[in-house]
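This report goes with the sequence and model shown below. Please keep both in view while reading.

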Amino acid sequence: MKYAKLVFPKNKVNNELYVCHYGSHQVNACGEFGPAKRGYYLFHFIKSGKGVYYVDGKSFELSKNQGFIIRPNEETYYRADERTPWEYEFVAFNGILAEELVGSVAWEDGYVVTPENYARIRRIMNSMVKIKDDELNKSGGGNYQLIGELYLLFAELIKNGGGAVYADE
């Protein structure tokens, strides 16, 4: 692993929508995660490089400016490319509204998004990742900022799902 940033907010602001953890990761060649199941949603947005995402018997070859969703209790596996390993930012979240938000996005083949407004999504993800652990746990203001960024992220994903990507089955 070249570098990773992982932050776990300690205080949940509400039950409607909350962030479980978030961060960024620059992965080594052929670096992998899984197979694994999670009890929350997890969105990845690829900043550079490429890799493969496997879920529900499907595989997706993904690259810069694409994102993918992992839903609760789905077994997934993903691996960075050997020559051009990916770097991505991610946010894990849950709550009463999480399923509705995820369901409102025009996911390609159910799991992938290739948004035309990728620059806006990159800015939102970057802003989220820059929120420091101490900002979350001192006054609580950082928690509200984090939730706000998550809502902005989904507003952009819902507005502009992008072109089609289909799984290799």
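## Basis of the report

This is a predicted model, in which local features need pLDDT of at least 70, side-chain atom pairs count only at pLDDT 80 or more, and totals for chains, interfaces and linings use all residues. Residues are numbered from 1 along each chain as its sequence is written, and side-chain values use heavy atoms, with hydrogens and water left out.

## Overall fold

The protein chain has 4 helices and 10 strands. Helices (H or I, at least four residues) and strands (E, at least two) are DSSP runs, numbered from the N terminus. Their order from the N terminus is β-β-β-β-β-β-β-β-β-α-β-α-α-α.

Of the chain's 169 residues, 50% count as buried; buried means under 20% relative accessible area, exposed over 50%, and partly exposed in between (1.4 Å probe, protein chains only). The chain exposes about 8,200 Å², with 47% supplied by carbon and sulfur atoms. Accessible areas come from the Shrake-Rupley method with a 1.4 Å probe, and for residues only the protein chains shown count as cover. Among contacts (heavy atoms within 4.5 Å) with a separation of 6 or more, 77% are between residues 24 or more positions apart.

## Aromatic rings

The structure holds 17 aromatic pairs. Rings of Phe, Tyr and Trp (its six-membered ring) pair if their centres lie within 6.5 Å; planes under 30 degrees apart count as stacked, over 60 as edge-to-face and the rest as tilted. One of the pairs, Y41 with F93, is stacked, at 5.5 Å centre to centre and 15 degrees between the planes. This pair links distant parts of the chain, 52 residues apart: Y41 is in strand β4 (residues 41-48) and F93 in strand β9 (residues 87-94). Both Y41 and F93 are buried.

The ring centres of F68 and Y78 are 5.4 Å apart and the planes lie at 65 degrees, so this pair is edge-to-face. F68 belongs to strand β7 (residues 67-70) and Y78 to strand β8 (residues 76-80), so the pair ties together parts 10 residues apart in sequence. F68 and Y78 are buried. Ring pairs also link a cluster of F33, Y53, F60, F68, Y78, W86, Y88, F90 and Y111.

## Histidine 44

H44 lies in strand β4 and is buried, with a relative accessible area of 1%. Beyond its neighbours within four places in sequence, H44 contacts Q66, G67, F68, I70, Y78, Y88, E89 and F90. H44 and G67 are 23 residues apart in sequence, with their C-alpha atoms 5.4 Å apart in space.

## Helix α4

Helix α4 (residues 141-159) has 19 residues and reaches 27 Å from first to last C-alpha, close to the 27 Å expected at 1.5 Å a residue. The expected span is 1.5 Å times one less than the number of residues. Buried residues in α4 include L146, L150, L153 and L157.

## Backbone details

Most residues other than glycine have a negative phi, and most peptide bonds are trans. The bond from G34 to P35 is cis, with omega near 0 degrees, and P35 is in strand β3 (residues 32-36).

D56, not a glycine, has a positive phi of about 55 degrees. D56 is in the loop between β5 (50-55) and β6 (58-63) and counts as exposed at 54% relative accessibility. N73 has a positive phi near 65 degrees. N73 lies in the loop between β7 and β8 and counts as exposed at 58% relative accessibility.
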